[in-house]
Amino acid sequence: MKVLVTAGPTREPLDPVRFLTNRSSGKMGYALAGAFAHEGHAVLLVSGPTHLDVPAGVDFMAVETAAEMHAVVASYIGKMDIAVFAAAVADYTPALVASQKIKKSGETFTLELVRTADILGSAREEFGFTGMLVGFAAETENLEANARDKLVRKHCDLIIANDISKPGIGFDSDENEVLLVYPDHSEPLPPASKYELALHLVDAILALKKLMVES
Ligand code: CTP
């Protein structure tokens, strides 16, 4: 199979020395990319800035902004059988990027942000992707309902949902505990390291792919 994985945070510049980002470490996406490659699949990892090593046997494209990630995914997704969107993409980016360092002046500073493109949400209609589409949902409340809403809204085959209000799992942690949300049912997986979990997730994704091919 040819598999595209997005991972890591994006970095949205404000001026030459500042940017907006988030706490994503990229660990879950990198673990998934490594696990697919370990199972013999051809993986393209499209990642925002992280401190991680690229897993063995994985093709890699580095991006910074949500717009760059959108452009790279748009050019490569057509060749893929499976696309897994684990990146924590900024939902908003500064309306203007200053060409020189912004100097402090008043006591307050107001920043205008504009929406970024929803990359996962663009996969079906804008990119015309017909392969298996897997998204992530990081939620602090109503985990299953919010994840199921994303599954439908973004035309996914599976959402991997995690409750980031639980201490020690999810963002920036080595452990994770997820709920697999399918169109017709949900299935919790026990807590595990992101590496172990990635192996289970690859099995679940490939099992679903097999079912989809057979039906
Ligand atoms: N995602 C993406 N591009 C974006 C934002 C999100 O590809 N600009 C993908 C993420 O990689 C993840 C999924 O969409 O797979 C969930 O993102 P999230 O931001 O939680 O979804 P939203 O629909 O924006 O929901 P919320 O209302 O929670 O902001």
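## Basis of the description

Helices are DSSP runs (H or I, at least four residues) numbered from the N terminus, and axes are lines fitted to C-alpha atoms over the stretch in contact, with angles running from 0 to 180 degrees between N-to-C directions. The model is predicted, so local features need pLDDT of at least 70 and side-chain atom pairs count only at pLDDT 80 or more, whereas totals for chains, interfaces and linings use all residues. Residues are numbered from 1 along each chain as its sequence is written, and side-chain values use heavy atoms, without hydrogens and water.

## Packing of α1 and α5

Helix α1 (residues 27-38) packs on helix α5 (residues 194-214) at an angle of about 60°, their axes lying 8 Å apart.

## Ligand surroundings

The ligand is surrounded by 15 residues (a heavy atom within 4 Å), the closest being F85, A87, L120, F136 and K150. A backbone N or O atom of A87 lies 2.6 Å from a ligand oxygen atom, while a backbone N or O atom of A117 lies 2.9 Å from a ligand nitrogen atom.

Key: Helix = DSSP H or I, 4+ residues; strand = E, 2+ residues; numbered from the N terminus. Polar contact = N/O pair within 3.5 Å; in protein donor to acceptor, adjacent residues only side chain to side chain.
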